[in-house]
Amino acid sequence: MMAVAGGECIEMTKAQTDSVQKLTQWFLIALLAVYTFYNLGPIFWLIISSLKSRADLFAMPPVWFFEPDLSGYQQVFGVGAAAESASAFGVLDSLISSVVVSTVGTALAVILGTMGGYVCSRFNFTGKNDFLFFVLSTRMLPPVAVLVFYHLMFARLGLADTRTGLVLVAVFANVGLATWIMKGFFDGVPKEIEQIALVSGYTRLYAFFRLVLPMVKGGIAATAGFCFIFAWNEFAFASILTTTKAKTLPVKISAASGATGIEWTQICAAGVVLIIPVLIFFYLIRKHLLMGMTFGVLGRR
Amino acid sequence: MSMQTTDATATMRATGKPAKKKSSGRLMILGFLSPTLLILIFMVAYPIFSLVFYSFHNFSALRPNAGMTPAGFDNYSYLLSDPDLWQRFVFTGKFVLLCVTLQMIIGIFVGYQLQKSFRGRDVIFTLLMMPMMLSPVVVGFLWRYMLNSEWGIVNYMLTLVGVGKVDWLGQTDAALWAAAAADTWMWTPFIILLATAAFRGIPETIYEAAEVDGASQAYVFFRITLPMSAPVLFIALILRLIDSFKQYDLFFALTGGGPGSSTETVSFAVAKTAFNYFYTGEASALAVILLCIIIGLSLILVRHLMKLGERY
Amino acid sequence: MKLRHTLMASAAVIAASAASTSANADTELTFVWHAGTCADALVEIAKDYPDKSVSIVPALVPYGPEWHNKIASEFAIQGDAFDFAMWDSQSTAEFAGGGHAVKINDIFADSDYLSAEIFPASSLSQYGEYPDGSGEFYGLPANQDAYGLMYRKDLFENPDEQAAFKEKYGRDLRVPETYQEAKEVAEFFTRPDEGLYGWGQMGGREYDFATTASNSFLWSFGGELYNPETFEVEGYLNSPASIDGVQAYVDMFQYGPPGSGNWGFDEVNAAFQQGQLAMAMQWFYFNGSNADPEVNKFAKDTGFGILPGAVGRDGKFRRQFSVGGQGMGINKYSEKLPELVKFMEWYFQPEQQERYAAVCQTGLKAVLESPDWQGLNSYNAQFSKALQYLNDYWHLPEYPVLLDQLQEEVSNAVSGSKTVEQALTDAAKKHERTLQRAGHEIKRSDSTPEVPDQQIAPVGMDDVVPVNN
């Protein structure tokens with residue numbers, strides 16, 4: 001086995017190369033472990049904190065074993081001790097609003113993004129790059145800059161405090177992302193597939209739906225995942241554009257200051273509760289997420 | 001696949017519907033693009049027009065009784081000559097650079113490592129996605145809590161390993177790193193997911209060929225994997241760049257922009273001017289300036305991306 | 001396949017969501033407030049409103065800028081998504097100045113029960129009068145609050161501590177009446193090895209955290225934020241007396257836990273509840289939970305007092321600190337004013353306000369003057385005493401801008417990146433620019449006083465007036 005180091009050829013024994021390989025393996029695993037700790041540690045801390053009473057939350061050194069305090073969750077759901085509180089008002093409604101808005105918004109954004117990404121990947125037409133850049137640019141503006149204008153526009157159009165309005169916002173916010181990501185995935189599918197299909201007498205639509213689309217399932221899943229996350233957690237627009245009727249869950253349960261100061265328990269509980277639907281969504285699409293593009297017969301780039 | 005082709009071909013021939021290439025192509029383009037265009041134009045036309053319009057006026061949406069006077073380029077000249085604004089741009093630039101670099105490197109690395117099959121890989125992968133799923137509001141609070149200098153878990157762990165407590169949120173430099181750590185924590189999974197999908201698309205046969213030729217791991221990664229997944233990775237980079245320029249929630253929760261205004265990003269300044277001060281004209285001008293910079297940067301990157309795409 | 005399913009599912013969901021918006025023929029009165037016990041109390045009491053065709057719907061927001069922004073945005077588009085709102089008392093000028101709040105005087109004129117007399121004059125003025133002294137009201141006191149002092153009775157009453165203090169400082173240990181005294185007591189109780197610190201105060205950049213505390217020092221030392229007659233800020237905000245005050249404030253951080261320069265009210269509460277602080281500046285609003293043993297480990301040892309004053313450089317004693325609380329304003333663009341007025345006529349009856357006073361601070365004279373009120377809890381007595389020492393930020397529509405600019409500079413002083421003098425001078429410059437921009441004319445005088453309070457609503461007294469001991 002030869003290894004090149006510093007320009008010279010060095011003869012290494014197989015044992016040496018093997019141990020270098022093993023060391024690198026362990027080093028890489030160690031790095032991965034560090035990252036996993038960094039990634040999951042705070043999540044674990046969030047979950048624990050959501051069950052701590054206020055006194056325990058600020059104890060130093062931190063307490064690891066304590067009596068669980070469910071008041072945070074009670075406040076989030078408006079049950080138990082918090083059943084009479086003003087915050088309990090409309091939790092279920094906001095949950096439904098969130099689910100509806102996020103699912104519909106995601107579906108629309110993914111559909112539109114897939115369609116747009118496909119034609120931009122396959123065809124060259126005048127204005128293609130302009131279209132792509134325009135679509136991307138919708139993502140560049142910080143919402144705060146235009147919130148008042150949206151508020152006014154929606155109010156005049158009767159869209160304020162409606163789920164339809166929020167769906168529009170969700171689509172608008174995510175279709176750029178969806179288009180670009182899907183274009184990337186479509187770029188990875190060889191154009192030969194459609195050419196073969198066309199030569200064989202199929203329509204473009206058929207080729208798209210039956211041949212190409214199944215090959216980018218992974219991309220669709222990833223796009224849907226991102227869009228769902230962004231739509232679900234969308235806060236700036238939702239908090240200003242809705243007041244009572246179409247309030248989404250993040251807006252509802254993040255109102256977290258109370259008699260004792262900032263209700264940390266409640267915020268942590270809210271965080272945990274909010275992440276569950278997203279987890280469910282990702283679980284549902286997990287098969288497609290971990291699948292990438294397939295190349296079937298062709299097997300070459 | 002060939003079996004299907006023959007059957008379908010027969011069916012198609014039977015119904016006598018030939019494929020028309022050119023016009024069906026154009027129809028497809030039109031049909032596939034128009035809904036997106038319609039929605040986007042509907043959603044951005046009025047706000048962008050308002051934004052540009054008000055940027056040239058002296059106006060406060062909250063004090064309409066004070067009237068609106070045309071201000072020409074006054075808002076712009078005032079903003080561009082304000083040293084505080086440049087300081088904010090520098091700070092934002094540092095933050096964006098830090099975050100995007102960290103996220104890309106870590107994200108690509110982890111995505112690559114997760115290509116190897118090992119027990120529980122799928123579960124770990126899904127779990128690693130979690131930080132991205134959290135509401136940004138909660139993330140801000142969580143990290144504020146963890147970074148508290150007195151009872152935060154981070155400082156506690158630092159004392160355990162012998163390093164003293166750090167005032168993460170009360171000093172500008174420390175706060176920059178703290179915010180970068182939080183942002184990286186939250187968005188690296190984004191890169192991981194896209195990188196994974198991109199890596200998955202590289203056919204096994206290429207790797208097999210490389211192995212036969214005796215290529216080292218490093219060679220495979222840098223000469224095969226990275227270049228072939230470059231287009232998707234580049235898109236991920238651009239998207240993260242755009243999003244981190246807009247970062248506001250995190251700084252608001254962690255430092256409130258302090259000490260002084262040293263941790264205010266440009267987006268933070270826009271939010272403050274638009275909503276706190278309600279100087280609609282000035283905020284609009286600031287937003288336009290920010291937009292121009294982001295557009296400028298993206299144009300450069302996108303052009304690069306197009307070139308990459310042509311190469312492959 | 002998946003696409004088709006998704007399409008069908010979406011169609012079904014859209015249809016379902018469109019149908020689910022319920023129709024309500026009754027009147028809904030919507031209000032905006034930040035979530036908390038007081039909002040809960042309002043909703044609870046409103047459930048007993050006799051007119052069952054009217055329901056009170058809360059639209060709660062997080063405490064902080066969200067709260068201001070939601071109200072402001074709705075006003076900016078002249079919308080009626082809410083009918084009334086509770087906002088920080090300082091925002092009355094902003095909203096009234098923009099013409100978005102209903103003039104309560106008109107309601108007083110038409111109503112049989114609602115009138116200016118049912119509220120204490122000072123409260124009504126603080127929470128609703130705009131401009132100052134005009135007699136025009138745009139808000140009613142919804143929840144009164146004041147800045148106060150919390151302290152550990154057990155430490156002050158401990159004979160060993162008292163002896164040690166006497167030995168070191170030559171006077172008796174007592175709850176401080178001046179900030180000079182407070183400094184000594186804080187120094188005495190600052191023992192980092194034991195995890196105890198003498199003084200806890202807010203220094204946070206967000207919202208009004210730092211300046212609520214620093215203003216209390218500034219005013220007590222005889223400083224002023226500006227001259228309301230001439231709109232001068234230079235020479236007032238950075239007058240020697242003002243600088244003395246803010247310097248004293250900044251100095252107090254050395255007796256607080258490290259990192260406390262960034263604190264908001266929540267951290268102050270947390271530190272005190274953990275037993276880290278001997279004394280703390282804190283809103284009366286939180287006294288309820290701080291007196292609760294479930295929340296505060298040291299509840300039974302916690303005393304509530306009046307914040308110290310200070311002896312200024314002119315030898316006079318002044319005691320002034322920040323007012324808090326929210327006023328209730330009515331959305332001018334709401335179309336439900338008649339129903340709302342009827343609700344208010346019921347809500348501000350003593351019976352309802354008594355229930356409210358059990359958990360929050362009412363502004364109704366009848367309840368505040370009733371003998372039961374003082375005995376309701378351990379701090380109402382101090383609260384009523386505190387009312388005479390209140391001072392407030394600028395009652396100008398430019399309040400949010402001025403606040404943010406002052407917050408920025410005070411935060412700079414706290415972090416040490418600027419001296420107090422430099423910070424206040426920079427703030428003064430920014431303030432003047434803001435005021436000029438808003439159309440106020442600044443009439444320069446030839447000289448500005450060293451101790452501005454002597455000129456503006458003077459409160460200086462010759463001797464220290466003890467109220468805590």
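Into which domains is chain A divided? In this predicted model, chain A comprises domain 1, which covers residues 2-80, and domain 2, which covers residues 86-289. The centres of these two domains of chain A, taken over C-alpha atoms, are separated by 30 Å. To the contact between them, domain 1 of chain A contributes 16 residues and domain 2 of chain A contributes 15 residues.

On the side of domain 1 of chain A that touches domain 2 of chain A, the elements giving two or more residues are α1 (14-49), α2 (54-57) and α3 (71-77) of chain A. The largest share of this side, 6 residues, is supplied by α3(A).

A helix pair was examined in chain B. Helix α9 (residues 172-200) of chain B packs against helix α11 (residues 217-245) of chain B at an angle of about 150°, and their axes lie 9 Å apart. Because angles over 145 degrees count as roughly antiparallel, α9(B) is roughly antiparallel to α11(B). The crossing of α9(B) and α11(B) is right-handed.

The residues that α9(B) brings to this contact are B:D183, B:W187, B:F190, B:I191, B:L194, B:A195, B:A197, B:A198 and B:F199. They meet B:T225, B:S229, B:V232, B:L233, B:A236, B:R240 and B:S244 in α11(B). By class, the contact of α9(B) with α11(B) consists of 11 nonpolar, 3 polar and 2 charged residues.

Technical notes
Residues are numbered from 1 along each chain as its sequence is written. Chains are lettered from A and ligands numbered from 1 in the order in which they are written. This is a predicted model: local features need pLDDT of at least 70, side-chain atom pairs count only at pLDDT 80 or more; totals for chains, interfaces and linings use all residues. Domain bounds come from an automatic or database domain assignment. Two residues are in contact if their C-beta atoms, placed from the backbone, lie within 7 Å. Helices (H or I, at least four residues) and strands (E, at least two) are DSSP runs, numbered from the N terminus. Axes are lines fitted to C-alpha atoms, for helices over the stretch in contact, and angles run from 0 to 180 degrees between N-to-C directions. Angles under 35 degrees count as roughly parallel, over 145 as roughly antiparallel, 65 to 115 as roughly perpendicular and the rest as oblique. A crossing is left-handed if the near helix is turned anticlockwise from the far one by less than a right angle, and right-handed if clockwise. Ala, Val, Leu, Ile, Met, Phe, Trp, Tyr, Cys and Pro count as nonpolar, Asp, Glu, Lys and Arg as charged, and the others, Gly among them, as polar.
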